[in-house]
Each structure stands twice: as structure tokens, then as C-alpha cells.
Amino acid sequence: HMYNPTEMPEVDLNPTDRAILETLEEGRCTPSYIADKHGYSRQNVTNRLNRFVELGYVERVHTGLYEMAADPRSA
């Protein structure tokens, strides 16, 4: 389900976060794909993705597969 943007927590986005969000805009993807595409470590990408999942911005669709639920950049 989509979240009401007014209820979403403020989030400080670092360059890794922005790269993750840009990639998720294109569709569902894995941490490995994001990491390879942008030159980050998979662990770093996974850590940031898990944070977005906790905040409600990203959903884990399947093991290792994520999609954007709400865009924190538009908050």
C-alpha cells in the first residue's frame, strides 16, 4: 500500500541513497545490480535498502528483490 507522504519520516539522503532511488525508479532490482551499476559495495547498498524498508520507502518483494513504495525525495 502507498503511504501518505505527510506521515513519512524525514530522511537525510547520501549519494548511495540517491543512486539506489534512481535505480529503483526504473523498476525492481537487487542490491547486487544497484551496487554494480553505481560502483558501491553490495553490503553498503543492502544496509541502505534495509533502512528504506524500515522507513517504509522501499518494499522487499522477494528475497534480494526490492521495489520503491514511496519516494522520499518528493517529501
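**Figure 1. Cover over the buried residues of helix α2.** The buried residues of α2 are covered by elements that include α1 (15-25), α3 (42-55) and β2 (65-68). The model is predicted: local features require pLDDT of at least 70, side-chain atom pairs count only at pLDDT 80 or more, and totals for chains, interfaces and linings use all residues. Residues are numbered from 1 along each chain as its sequence is written, and side-chain values use heavy atoms, with hydrogens and water left out. Helices (H or I, at least four residues) and strands (E, at least two) are DSSP runs, numbered from the N terminus.

**Figure 2. The buried face of helix α2.** Helix α2 spans residues 31-38, and Pro31, Ile34 and Ala35 are buried in it. Seen down the axis of α2, the buried residues fall within an arc of 95°, so they line one face of the helix; the arc is that of the directions from the helix axis to the C-beta atoms. Buried means under 20% relative accessible area, exposed over 50%, and partly exposed in between (1.4 Å probe, protein chains only). An α-helix has 3.6 residues a turn, so residues three or four places apart point the same way. After α2 comes Gly39, with a positive phi near 75°.

Figure 3. Arg48 lies in helix α3. With a relative accessibility of 18%, Arg48 counts as buried. When neighbours within four places in sequence are left aside, Arg48 is in contact with Asp12, Asn14, Thr16, Asp17 and Ile20. Contact means heavy atoms within 4.5 Å.

**Figure 4. The aromatic pair of Phe52 and Tyr57.** A search of the whole structure finds 1 aromatic pair. Phe52 and Tyr57 form this edge-to-face pair, at 6.3 Å centre to centre and with 85° between the planes. Rings of Phe, Tyr and Trp (its six-membered ring) pair if their centres lie within 6.5 Å; planes under 30 degrees apart count as stacked, over 60 as edge-to-face and the rest as tilted. Phe52 counts as buried, at 1% relative accessibility, and Tyr57 likewise counts as buried at 1%.

**Figure 5. The protein chain as context for the close-up views.** The protein chain has 3 helices and 2 strands, in the order α-α-α-β-β along the sequence. Of its 75 residues, 35% are buried. Among contacts between residues at least 6 apart in sequence, 56% join residues at least 24 apart. The chain exposes about 4,600 Å², of which carbon and sulfur atoms supply 45%; accessible areas come from the Shrake-Rupley method with a 1.4 Å probe, and for residues only the protein chains shown count as cover.
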